[in-house]
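Here is a short note for a colleague who is opening this entry for the first time. Please read the points with the structure at hand.

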Amino acid sequence: DNTPSEYHTLYRLEDIDKFALQTHLHKLAKIQSKDRVLQIRAYMQAIFSEAVDQDFLSKDPARKVKVPAHLRETDKTVLTWDQLRSALDHLELRDRIILELDMTNALRPSELFGLRWKCFDRAAHAMALVETTYMGEIRDWGKTKGSLRTIPISRDLTKELCAWELECPDISPNAFIFPNNDGGFIDTGNYRKRVLHKLARDLKLPKLTFQVIRRSI
């Protein structure tokens with residue numbers, strides 16, 4: 001969540017009016033993409049509509065909230081094959097495997113960082129997605145209905161995972177394949193800033209995030 005902390009104040013539903021919602025949306029339009037602002041407005045209207053239906057409110061303050069006139073364009077950055085290969089060439093084994101899994105199967109970071117060693121089937125060259133990570137929690141469901149599934153991986157990627165297995169500090173079945181320093185799962189935001197953003201600066205790439213990689217592939 002990249003929203004500044006001052007936008008995280010909690011309010012009672014009955015204390016929120018149309019002006020407050022419109023002001024909030026205008027502030028978000030300055031820092032978020034067009035798609036994100038439209039999504040937030042839709043959520044906002046759905047929440048308050050439900051609040052009225054459930055008799056928590058007598059009037060819907062979000063019903064006439066308008067889309068801000070000036071919206072940031074949706075990021076459409078993509079990388080070339082040479083740029084993607086260059087990124088892989090400059091990474092250590094663990095991080096290279098993470099990006100290779102992302103590039104070959106378009107995995108979301110929530111899916112990548114929830115992988116445990118029991119998910120890795122060497123003989124079948126496959127990886128089972130059985131849970132995801134989000135906001136510091138493990139979930140037994142994914143973003144979409146088909147998110148949790150078994151995916152094929154290449155023989156070369158299987159070899160790399162076996163090589164990483166020799167370096168990984170904990171390879172017990174329930175241990176995370178890509179653990180943080182405490183043995184838990186990696187935080188997506190921290191990884192993005194510490195690894196992907198740094199790599200983009202070092203290689204002078206226009207941008208490097210999991211979303212950019214998915215879009216490029």
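Is Met-135 buried or exposed?

1. Met-135 is exposed, with a relative accessible area of 61%. Its place in this predicted model is the loop between strand 3 (132-134) and strand 4 (137-139). Although Met-135 is not a glycine, its phi is positive, at about 50°.

2. His-125 is another non-glycine residue with a positive phi of about 50°. The loop that holds His-125 runs between strand 1 (120-121) and strand 2 (126-128). His-125 has 18% relative accessibility and therefore counts as buried, the cut-off being under 20%. As background, most residues other than glycine have a negative phi.

3. The largest nonpolar core contains 41 residues, and Ile-98, Leu-99, Leu-101, Met-127, Ile-177 and Phe-178 have the most contacts inside it. At least two residues of this core come from each of helix 3 (81-89), helix 4 (93-105), helix 6 (155-167), helix 7 (188-203) and helix 8 (210-216). Leaving aside residues up to four places away in sequence, Phe-178 touches residues including Arg-94, Ile-98, Leu-112, Trp-164 and Ile-186.

4. Helix 1 (residues 18-29) and helix 2 (residues 34-53) have axes that come within 10 Å and cross at roughly 160°. The two helices are therefore roughly antiparallel to each other, and their crossing is right-handed. Helix 1 makes the contact through Leu-21, His-24, Leu-25, Leu-28 and Ala-29, and helix 2 through Val-37, Ile-40, Arg-41, Met-44 and Phe-48. By class, eight residues of this contact are nonpolar, one is polar and one is charged.

Notes. Residues numbered from 1 in each chain as written. Predicted model: local features only at pLDDT ≥ 70, side-chain atom pairs only at ≥ 80, totals over all residues. Heavy atoms only, no water. Core = buried A, V, L, I, M, F, W, Y, C linked by side-chain atoms within 4.5 Å. Buried < 20%, exposed > 50% of the residue type's maximum accessible area, 1.4 Å probe, protein only. Helix = DSSP H or I, 4+ residues; strand = E, 2+ residues; numbered from the N terminus. Contact = heavy atoms within 4.5 Å. Axes fitted to C-alpha atoms, helices over the stretch in contact; angles between N-to-C directions. Parallel < 35°, antiparallel > 145°, perpendicular 65-115°, else oblique. Left-handed = near helix turned anticlockwise from the far one by under 90°. Nonpolar A, V, L, I, M, F, W, Y, C, P; charged D, E, K, R; others polar.
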